[in-house]
Number of protein chains: 2
Amino acid sequence: MEYTKPLAKLIECFQKLPSIGPKTAQRLALHLIKMPEYEVEKFAQTMLEAKNTISYCEICFNMTSQSPCEICSNALRDKNTICVVSETKDLIAIEKTNEYKGVYHVLQGLISPIEGIGPDDIRVRELLNRVHENNIKEVILALNPSVEGEATSLYLCKLLKPFEIKVSRIAFGLPLGSELEYADEMTLVKALEGRQEL
Amino acid sequence: MEYTKPLAKLIECFQKLPSIGPKTAQRLALHLIKMPEYEVEKFAQTMLEAKNTISYCEICFNMTSQSPCEICSNALRDKNTICVVSETKDLIAIEKTNEYKGVYHVLQGLISPIEGIGPDDIRVRELLNRVHENNIKEVILALNPSVEGEATSLYLCKLLKPFEIKVSRIAFGLPLGSELEYADEMTLVKALEGRQEL
């Protein structure tokens, strides 16, 4: 079975995207071909425009179409609190809560000896410079509860201690709406460790 | 929380594709922005090229970049047997088996009174013309085992009977590798009805 060539090429493009397997790629490609021509043109243009205009904020390394980014250049944000995240998608998740009013630092990765990613491969130096040069009061580590997230958090904590600022880490425990009975053991361990006095 | 504008537009484009929700659209868009520039350009070009060069085969209404399509113009295919499918994706699924050597007819839909789709909205007339004008020996109905698929199959069967050709329908029953215990009732009913003598 061979797809007609332009279709095969389009399926291949879709398949390079994360979480898109051959079956989904085929469905998306067939759908795209059925879409009105102007919509496909708009899609292609939007893609190129996004790629060409979006880069990284010179201060926090968030994805942005202006630098400094909208968050760093917002006068209402508390510039003395930095929330450290691994990727832009984590920043977006925190922004969606509408609760956090400080600024961010996007590491663009996590330390992972297995994958050969060391502190120099991610934006650690830039974070230390920010803490060194500005009047930072608190650094909140909001990294994933994974091996890499733990390693990076511990490493950053060690480096930040000498600055004599508050270094905190987001809490791990039972997610709201979940049931204790079904929580995995590591989550329960974290929930017990992180218990708070009432 | 607001995405930077070109990102928001890109997420919106992805979300128009089938089975892509807001979360997946965000992930795909963020990934695309991290891809090398030439790859994004290639993707956009491939998209436009596929849209502009792919149309429908004048004989069988398969998606193709040449008309008649590769199957209809293949001298090795048996032109006396037509397999009727609803969409190009079903044709692709059958082609992947490498078993069927006849030609196809893509209806481009199914009869659905609820959605207001009648026989004139799909390629029924063209199928009858093909059967009328060519020396067709068998028409195989390979439509989904859904209400619409049943209705369309029965309708086509009635129209094709007067031609005195063989009209058959693909078998419905237990899928290979499945377990009888877990089959739904309708599948079991179909499997019993379609039992074959040994």
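Between chain B and chain A of this predicted model, 6 salt bridges are counted, a salt bridge being a side-chain nitrogen of Lys or Arg within 4 Å of a carboxyl oxygen of Asp or Glu. One of the salt bridges joins B:Glu39 to A:Lys16, with the closest N and O atoms 3.7 Å apart. Across the interface of chain B and chain A, 14 residue pairs are in polar contact, with both residues at pLDDT 80 or more; a polar contact is a pair of N or O atoms within 3.5 Å, where, within protein, one must be able to donate a hydrogen and the other to accept it, and where residues adjacent in sequence count only if both atoms are side-chain atoms.

The side of chain B that touches chain A receives two or more residues from each of helix 1 (5–15), helix 2 (22–34), helix 3 (37–53), strand 2 (63–64) and helix 4 (88–95) of chain B, and helix 3 gives the most, with 15 residues. Helices (H or I, at least four residues) and strands (E, at least two) are DSSP runs numbered from the N terminus. By residue class, this side of chain B divides into 26 nonpolar, 12 polar and 17 charged residues, where Ala, Val, Leu, Ile, Met, Phe, Trp, Tyr, Cys and Pro count as nonpolar, Asp, Glu, Lys and Arg as charged, and the others, Gly among them, as polar.

In total, 55 residues from chain B and 55 residues from chain A take part in the contact, which is defined by heavy atoms within 4.5 Å. The two chains bury about 5,300 Å² between them, 70% of it on carbon and sulfur atoms; buried area is the accessible area (1.4 Å probe) lost by two parts on being put together, summed over both.

Residues are numbered from 1 along each chain as its sequence is written, and chains are lettered from A in the order in which they are written. Local features need pLDDT of at least 70 and side-chain atom pairs count only at pLDDT 80 or more, whereas totals for chains, interfaces and linings use all residues, and side-chain values use heavy atoms, with hydrogens and water left out.
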